[in-house]
Amino acid sequence: MGLLKKPFLEAVDNIVSASKRVSCLEEKRKPRRYCRRFPFCHGLKPAELIPRLKMLASHCFYMLYLQPMSKNINQLRILLILGIIAASVYVLIQFPLNLGLDLQGGTRLVYEGQETEKVKVSDDSMAGVVAVIRNRIDGLGVSEPTIQRKGQSQVIVELPGIKDPERAIALIGDTAMLEFVEAEWLPGDARGASPEKVKEFYGAEARIGTVKEEQDGRVVSEKPIVLKKTVLTGADLKGAFPGFDQYGNPVVDIEFNDNGAKLFAEVTARSVNKPIAIILDRKVISAPNVREPIPSGRAQISGNFKAEDVRDLVIKLKAGSLPIPVKMVETRIVGPSLGKDSIDRSKIAGVLGFLFIVAFMVIYYRLPGFISVLSLAIYVPLTLSILAAFHTTLTLPGIAGFLLTLGMAVDANVIIYERLKEELRLGKTVKASFAAAFDRAFAAILDSNVTTIIGAVTLFFVGTGTIRGFAITLTIGILVSMFTALTLTRLMLNMLVDAKIVTDPNSKLLYK
Amino acid sequence: MFDIIKKSRMFLTVSAIVTALALAVLLFNFMVHGKPMNFGIDFTGGTMLNLRFAKAVSVGEVRQVLDGYGLGESTIQKSGDQDILIRTKPLDNDVRTRLLADFNTKISQTEILEADVIGPTIGKELGQQAIWALLLASLGIIIYVSFRFEVKYALAALLALYHDAIITTGIIALLWRQIDITFVAALLTIMGYSINDTIVIFDRIRENLKKTSLAKKKFNEIVNLSIWETMSRSINTVMTVLFMVLCLLIFGGEPLREFSLTLLIGFTLGAYSSVFVAPTLLALWHHNESKK
């Protein structure tokens, strides 16, 4: 305990003397004028606030960079640094960084809910849209999809790594509104009857549709049909399964729930020898004639399906129909090769940029420059591990942002070392110069980094997708770089001093 | 020691002229092209297809296929021997699928590197969001700098930032580079980062104003002294970042090119304005205030 007590007391002394120093300065230099120049701080002494906060922060690390408490302090410091490196490497192994759509390839779709006469765009209907889309994507078997609402009426769907975006697009965006409609073949002499006439004759809901028969994608026959009344919808289904009819053509086997089965039995009973039209999204897909009543609640949907069509229709029927139709307003498809290319290229750019920075810092600032390179080397795994721990998705702009922060991370060191140069020129000892440099550079580093973070945070709230990735990496990068510059660099520099490696202020190892 | 503040009118005039020229470029583009900048599909809505063909391909072949869809007017660009970049109006999923199938049969096997379709409403939203972002960031910076320094420091810094942002925009507009959402990100990054050097100088002014040994100096002299005292750090901090931006520009590949170019221009301007615009504006303002 005694070991820790001494530096702590010194820290308290420092605070007291710092505030004293400030107050004498103010007395000498018209103290009131200074306060007046702060529009938001009338009456407060802001100059006192900062050194206090600063000292408070340094308390947390007093054990590490105040007076050496024992001969073992450097070993402790080395242990701490190794601990930070080990922890970040461990986190990186445990939670590998997710690659964004633009890097691993994938599809991003933005849908906008469309208002219908019956259903308005609301939180409820949009929540329904999200739920149905989620079910459909689950049926598609995409790993780690994201489905989220944006604004009042939009849904963003992100499907990393899917190979067949067209299929996903067709599957997700369809309303998949299934209807079973009581119908009747239109007699030949009634062709060209007006909608009013049809309604008069067949009931208020009646309308005319067409049953198209297709072969190899070409329409071979068209037959008009009177659609009288919708009796069952997709909501009455219990299940849907892929199957085959007696000729081996792919079909969808469906099973109604109890209520649906009852209704279906009634309808088939009164429709013997008449057709029942099966309509998907307002298109008649088939209209089989009923031969006998079906009480089992089971039916088959056939209609020139290919095996893939059946598979996707089953997914849609199981997931249910969208409560409101949606329109695709944005599609972004990134193939896998582009992302790989981008990663490779940004790796090259990053390594070269890093080497430039290393060369510059070591040549210009010598030994302290080398120390800042070491803390930059810790900065890299530390930042990446924090990004990983927050489950950040790494995007291409995100990588660019991270590489930029490498350049910005040494800025704090540059500010400190330039200050160090001035302090050394004043004739202070190496140790005192180090302490003063960190002390004095703090305000400039804090203020300049906060302004960069303001820009990045704005970007986060306004931007979407990949740009958010950039904003997050930039923000975390700046915060971590402040930590490495203000504590790790300082810690390592103090190690040099305590190990008596640099003692002469005129040493060639220092830049003056 | 060269007196920057004494020549402040010269620096400010040059900056004002260049800013005006940048705005003139936007106006000129508007008259000639009908829009101030070459807005990409992120802003206007549309389709962007980045395709890789199995064999070397020519723009003519691609245009021929597009003609069949009435899309002969699309922008078609070669981005590599086998790579083609097509920009056109928003296409339906069906049309796009058929188009790709046509490329497969008529030219050669096609791989989608990137395919974006953006509806016009989304683009409009983005434009509004971009303006909001710039305003919000400005507001944040004003509040923070006013709190830590003074309102006039904040305004001087912000004017310098707008100077950087407007000239950067003007240069990109002059080069007629296609801009997308990353341009907005780049502008905000420039604003956030370029103010750093300004803050370092302001911090030094704040510190020097408190020094008893400098109590007799005039405000202008203190500003000038502060600029020179911090000169090497202003240069070195920007240098390290510019190293990185240059590497990204040269080696970072096509998708990051516009982004790094914008940053390169903006950061360079930021370094200039931090030294020659923001402090001189501050000194000028102080001078005018004390005359009253």
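Reader: What makes β8 and β9 of chain A a pair of strands?

Author: In this predicted model, strand β8 (residues 237-244) of chain A and strand β9 (residues 250-256) of chain A are joined in the antiparallel sense by 7 bridges. Two strands count as paired if there are at least two bridges between them, so β8(A) and β9(A), with 7 bridges, are called a pair.

Reader: Why are α13(A) and α9(B) called roughly antiparallel?

Author: Helix α13 (residues 396-425) of chain A and helix α9 (residues 231-251) of chain B pack at an angle of about 160 degrees, and their axes are 9 Å apart. Angles over 145 degrees count as roughly antiparallel, and therefore α13(A) is described as roughly antiparallel to α9(B). The crossing of α13(A) and α9(B) is right-handed.

Reader: Which residues meet where α13(A) packs on α9(B), and of what classes are they?

Author: From α13(A) the residues include A:Leu403, A:Gly407 and A:Asp411, and those they meet in α9(B) include B:Arg233, B:Thr237 and B:Met244. By class, the residues of this contact divide into 12 nonpolar, 5 polar and 3 charged.

Reader: How many residues of chain B are in contact with chain A, and which element of chain B gives the most?

Author: In chain B, 59 residues are in contact with 62 residues of chain A. Several elements of chain B each supply at least two residues to the side that touches chain A, among them α4 (93-106), β4 (110-118) and α5 (120-148), while α7(B) gives the most, with 14 residues. That side of chain B has 33 nonpolar, 18 polar and 8 charged residues.

Reader: What makes β13 of chain A and β4(B) a pair, although they belong to two chains?

Author: Strand β13 (residues 326-334) of chain A and β4(B) run antiparallel and are joined by 5 bridges. The rule asks for at least two bridges, so the 5 bridges between β13(A) and β4(B) make them a pair. In this pairing, A:Arg332 stands opposite B:Asp116 in β4(B).

Terms used: Residues numbered from 1 in each chain as written. Chains lettered and ligands numbered in written order. Predicted model: local features only at pLDDT ≥ 70, side-chain atom pairs only at ≥ 80, totals over all residues. Helix = DSSP H or I, 4+ residues; strand = E, 2+ residues; numbered from the N terminus. Axes fitted to C-alpha atoms, helices over the stretch in contact; angles between N-to-C directions. Parallel < 35°, antiparallel > 145°, perpendicular 65-115°, else oblique. Left-handed = near helix turned anticlockwise from the far one by under 90°. Contact = placed C-beta atoms within 7 Å. Nonpolar A, V, L, I, M, F, W, Y, C, P; charged D, E, K, R; others polar.
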